[in-house]
Amino acid sequence: MRIFAIGDLHLPGGQLKPMDIFGAHWEGHFDKICADWRARVTEKDVVLLPGDLSWAMTLEEAAPDLEAICTLPGRKILLRGNHDYWWSSITRVRGLLPAGNYALQNDALAIDGAVFAGSRGWTVVPENSTNAQELKIYRRELMRLEFSLQSAQKLSQGRPIVAMLHFPPFGDRKEGSGFTELLEKYGVNTCVYGHLHGEGLRTAFNGEKNGVKYACTSCDGLGFRLLELTEV
């Protein structure tokens, strides 16, 4: 089993949402991703998809996009991003996915030699923030990530834990956060995240910090090619 990751596919979801408005490099972006995916991924491999999968507003609108993803090779693990408004009921999302495709939410999944956990995350907010609403969401997302990592720890039995977040787990200056503390506490091997585009990709952190390997997997930052996680 090999493990790949790519995030922020931003499929149309029935919306008139051409991605090339964000730059000519986005033209035909999913065709580029599919060509690379089919050339490299086998049915035994795992592909992590850390959020922002479809612009759809309802699950019914998202169904063609999910079908397009699920028919590609490999075992796919999906995570909710901040633009995945169609993802409301985890039971309904899982009910739509064919065998060999999974959706994470407050839990974890063991496949062969690795355990997979994750949560959407949120913009890092200092604990002394005066923005009560942002702080509330931040703390809630920390709780959800911990639920998932607790499940992963129970399943691990010595296997490496791979975590997915949609939002970057770092603050503005790449300092640690409640998210990085949890990843370190539960012995996560590798964490992939997305959300960043354009100028944000210039400062994305890729590398190891306090024993956890981090990789930004926004598809435009990867040149619309999947990233293989070779050190899990």
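A: In this predicted model, the open sheet is formed by six strands in the order 5-6-7-8-10-9, with mixed pairing. Its edges are strand 5 (108-111) and strand 9 (207-209); each has a single partner strand, so one side of each is left without a neighbour in the sheet. From one strand to the next, the twist averages 25 degrees.

Within the sheet, strand 8 (residues 190-193) pairs with strand 10 in the parallel sense, over four bridges. In this pairing, Tyr193 stands opposite Cys216 of strand 10.

Two helices pack on the sheet. Helix 4 touches strand 5, strand 6 and strand 7, and its direction makes about 170 degrees with that of strand 6. Helix 5 touches strand 7, strand 8, strand 9 and strand 10, and its direction makes about 130 degrees with that of strand 10.

Helix 5 can be followed from end to end. Phe179 is itself buried in helix 5, as are Gly178, Thr180, Leu182 and Leu183. The cover over the buried residues of helix 5 includes helix 4, strand 7, strand 8 and strand 10. Just after the helix comes Gly187, which takes a positive phi of about 70 degrees.

Aromatic side chains are the next topic. The structure holds eight aromatic pairs. One of them joins Trp26 and Phe224: the ring centres are 5.1 Å apart and the planes are at 70 degrees, so the pair is edge-to-face. Trp26 lies in the loop between strand 1 (3-5) and helix 1 (29-40), while Phe224 lies in the loop between strand 10 (212-216) and strand 11 (227-228), so this pair ties together parts 198 residues apart in sequence. Trp26 is buried, at 4% relative accessible area, and Phe224 also counts as buried, at 4% relative accessibility.

Another pair is made by Trp122 and Phe167, with ring centres 5.3 Å apart and planes at 50 degrees, so it is classed as tilted. Here Trp122 sits in the loop between strand 6 (114-119) and helix 4 (132-156), and Phe167 in the loop between strand 7 (161-165) and helix 5 (178-185), which places the two 45 residues apart. Trp122 has a relative accessible area of 16% and is buried; Phe167, at 5% relative accessibility, counts as buried too.

Ring pairs also link Phe170, Tyr193, Phe205 and Tyr214 into a cluster. Tyr193 of this cluster is the residue that stands opposite Cys216 in strand 10. Over the ring of Phe205 sits the charged end of Lys209, 5.0 Å from the ring centre.

For comparison, strand 2 (residues 46-50) has five of its five residues buried, so it is largely enclosed by the rest of the structure. In a regular strand, side chains alternate between the two faces of the sheet. Both faces of strand 2 are covered, with Val46, Leu48 and Pro50 buried on one side and Val47 and Leu49 buried on the other. Strand 2 runs parallel to strand 1 and is joined to it by three bridges, with Ile3 opposite Val46. Strand 2 also pairs in the parallel sense with strand 3 (residues 75-79), over five bridges; there, Lys76 is the bridge partner of Val47.

Note on methods: Residues are numbered from 1 along each chain as its sequence is written. This is a predicted model: local features need pLDDT of at least 70, side-chain atom pairs count only at pLDDT 80 or more; totals for chains, interfaces and linings use all residues. Side-chain values use heavy atoms; hydrogens and water are left out. Rings of Phe, Tyr and Trp (its six-membered ring) pair if their centres lie within 6.5 Å; planes under 30 degrees apart count as stacked, over 60 as edge-to-face and the rest as tilted. Buried means under 20% relative accessible area, exposed over 50%, partly exposed in between (1.4 Å probe, protein chains only). A charge sits over a ring if NZ of Lys or CZ of Arg is within 6 Å of the ring centre and within 35 degrees of the ring normal. Two strands pair if DSSP finds at least two bridges between them. Axes are lines fitted to C-alpha atoms, for helices over the stretch in contact, and angles run from 0 to 180 degrees between N-to-C directions. Contact means heavy atoms within 4.5 Å.
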